Amino acid sequence: MKPAAGTPTTPSLPRELRSIPLRTIAPVATLALMVFAGWLAWQRLPLQSLAALACATPAAVATWLVHKHAVQLSSAGLLLCLVNVAGCLLAAGELGQRALPWSLLALMANFFLVHNRIATPANLLLVAGLLAIPGVLRAPALDIQALVVMGLIMAFGFHFSRRLQGDRTRLELLASLDELTGLPNRRALEKTLMQQIGSARNGRFRSALVILDIDHFKDVNDHYGHTAGDNALVELAAILRLELREQDRVFRFGGEEFVILAEAGNRDALASFTERVRESVQQSLHGPGGGITISLGAAMYAGEQYWQDWFSRADAALYLAKGNGRNSVVIADDLG
């Protein structure tokens with residue numbers, strides 16, 4: 001189950017979800033502003049046309065960020081939110097009340113582009129700007145009906161966005177947990193290792209990667225059934241939770257393979273830690289056929305640029321441990 005070295009990982013599920021409204025709204029806003037700029041130029045309003053093009057430019061940048069740089073979703077959303085406000089105020093200044101439908105769309109869209117704490121003041125700024133422009137919400141009397149509709153749209157957008165944010169959080173949790181053991185899964189491991197490499201390369205942590213595998217797990221499944229195998233996995237996960245320190249994290253990588261991300265000051269501390277885990281499992285983990293053991297391969301972080309390279313060193317140590325008769329520990333640093 002070795003991952004390919006140097007291969008970038010796919011975006012997480014929540015990031016993909018956040019990109020959906022941005023991917024739709026960003027190009028539409030860009031096109032609308034460019035059409036508006038063309039219309040203003042046709043009306044012989046060059047300054048206003050340039051202003052519309054100035055709004056279309058960051059909208060185009062946001063479109064590019066969404067499609068080419070998934071890590072820049074927050075920046076793209078903020079850019080587009082500001083463009084919505086500026087574009088609507090520009091349209092209101094030229095079109096008067098005819099610009100209100102576009103403003104209503106912007107009020108709703110902003111809640112899908114950025115967090116509520118940004119969308120709310122941005123929308124209030126838009127409403128305040130519309131009130132300040134003569135002939136929009138005051139023509140000549142205050143347009144109460146339009147204000148009520150705007151208030152309802154903002155309330156609905158705020159509530160719906162908050163619910164959606166909660167759904168995203170729950171989806172993220174479900175997508176990152178192994179259903180059987182309740183441990184973080186491979187997706188969560190990949191994300192964590194990328195973050196950890198950034199921290200380790202900045203010198204803030206001395207990190208070690210430990211890969212462990214149940215010895216003769218296939219025999220447990222073949223002789224006693226998959227239920228016995230599942231029970232062994234669940235019990236092993238419970239033992240690892242008890243044995244790990246507060247700063248350590250454990251993941252189920254897949255099958256009978258688990259991965260521990262541990263803080264270790266040096267090679268000797270890592271060897272002591274892994275041996276303690278091995279002994280604890282040997283003493284505590286039992287199946288229908290008797291005791292169950294594990295083999296472990298470990299590697300200190302050695303400045304790798306990609307987590308896959310770090311993982312491969314620990315994985316090579318694990319295969320050596322299994323080749324040495326199993327129920328043993330091998331540290332990658334000892335391989336030379």
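Asp213 sits in strand 1, which spans residues 207–214. Helices and strands here are DSSP runs, numbered from the N terminus: a helix is H or I with at least four residues, and a strand is E with at least two. The model is predicted, so local features need pLDDT of at least 70, side-chain atom pairs count only at pLDDT 80 or more, and totals for chains, interfaces and linings use all residues. Residues are numbered from 1 along each chain as its sequence is written, and side-chain values use heavy atoms, with hydrogens and water left out.

Is Asp213 buried or exposed? Asp213 is buried, because its relative accessible area is 9%. The cut-offs are these: buried means under 20% relative accessible area, exposed means over 50%, and partly exposed lies in between (1.4 Å probe, protein chains only).

Which residues does Asp213 touch, leaving aside neighbours within four places in sequence? Its contacts include Glu256, Glu257, Thr293 and Ile294. Ser295, Leu318 and Lys322 are also among them. Contact means heavy atoms within 4.5 Å.

## The whole chain

The chain has eleven helices and seven strands. It holds 336 residues, and 45% of them count as buried. Take the contacts with a separation of 6 or more: residues 24 or more positions apart account for 69% of these. The chain exposes about 17,100 Å², and carbon and sulfur atoms supply 59% of that area. Accessible areas come from the Shrake-Rupley method with a 1.4 Å probe; for residues, only the protein chains shown count as cover.

## Salt bridges

Side chains of opposite charge can pair when their charged atoms come close. A salt bridge is a side-chain nitrogen of Lys or Arg within 4 Å of a carboxyl oxygen of Asp or Glu. How many salt bridges does a search of the whole structure find? The search finds ten. The table shows three of these pairs.

| Pair | Closest N to O |
|---|---|
| Arg252 and Asp178 | 3.2 Å |
| Glu275 and Arg278 | 2.5 Å |

Start with the salt bridge between Arg252 and Asp178. Arg252 lies in strand 2 (residues 249–254), and Asp178 lies in the loop between helix 6 (144–175) and helix 7 (186–201), so the pair ties together parts that are 74 residues apart in sequence. Both Arg252 and Asp178 are buried.

Asp222 and Lys218 share helix 8 (residues 217–224). They are four residues apart, about one turn of the helix. Asp222 is partly exposed, at 48% relative accessible area. Lys218 is exposed, at 58%.

Glu275 and Arg278 belong to helix 10 (residues 267–284). They are three residues apart, so about one helical turn separates them. Glu275 is partly exposed, with a relative accessible area of 27%. Arg278 counts as buried, at 10% relative accessibility. Elsewhere, salt bridges that share partners join Asp213, Asp215 and Lys322 into one network.

## Nonpolar cores

In soluble globular proteins, nonpolar side chains tend to be buried together. A nonpolar core is a set of buried Ala, Val, Leu, Ile, Met, Phe, Trp, Tyr and Cys residues joined through side-chain atoms within 4.5 Å.

The largest nonpolar core has 46 residues, and Leu80 and Leu130 touch the most other members. Helix 1 (13–42), helix 2 (46–68), helix 3 (73–95), helix 4 (100–113), helix 5 (116–132) and helix 6 each supply at least two residues of this core. Which helix gives the most? Helix 3 does, with eleven residues.

Leaving aside neighbours within four places in sequence, Leu130 is in contact with Leu89, Ala92, Leu100, Ser103, Val136, Leu137 and Met150. Another core lies apart from the largest one. It has 32 residues, among them Leu183, Leu285, Ala298 and Met300.

## Cysteines

A disulfide is a pair of cysteine sulfur atoms within 2.5 Å. A search of the whole structure finds zero disulfides. Cys55 is in none: the nearest cysteine sulfur, that of Cys88, is 9.6 Å away. Cys55 counts as buried, at 11% relative accessibility. Cys81 is buried too, at 1%.

## A nonpolar surface patch

Met34, Leu47, Leu50 and Leu53 make a nonpolar surface patch of about 430 Å². Patches are made of residues with over 30% relative accessible area and no salt bridge: like charges are joined within 9 Å, and nonpolar side chains (Val, Leu, Ile, Met, Phe, Trp, Tyr) within 5 Å. Helix 2 gives the most to this patch, with three residues. Met34 lies in helix 1. Met34 counts as partly exposed, at 46% relative accessibility.
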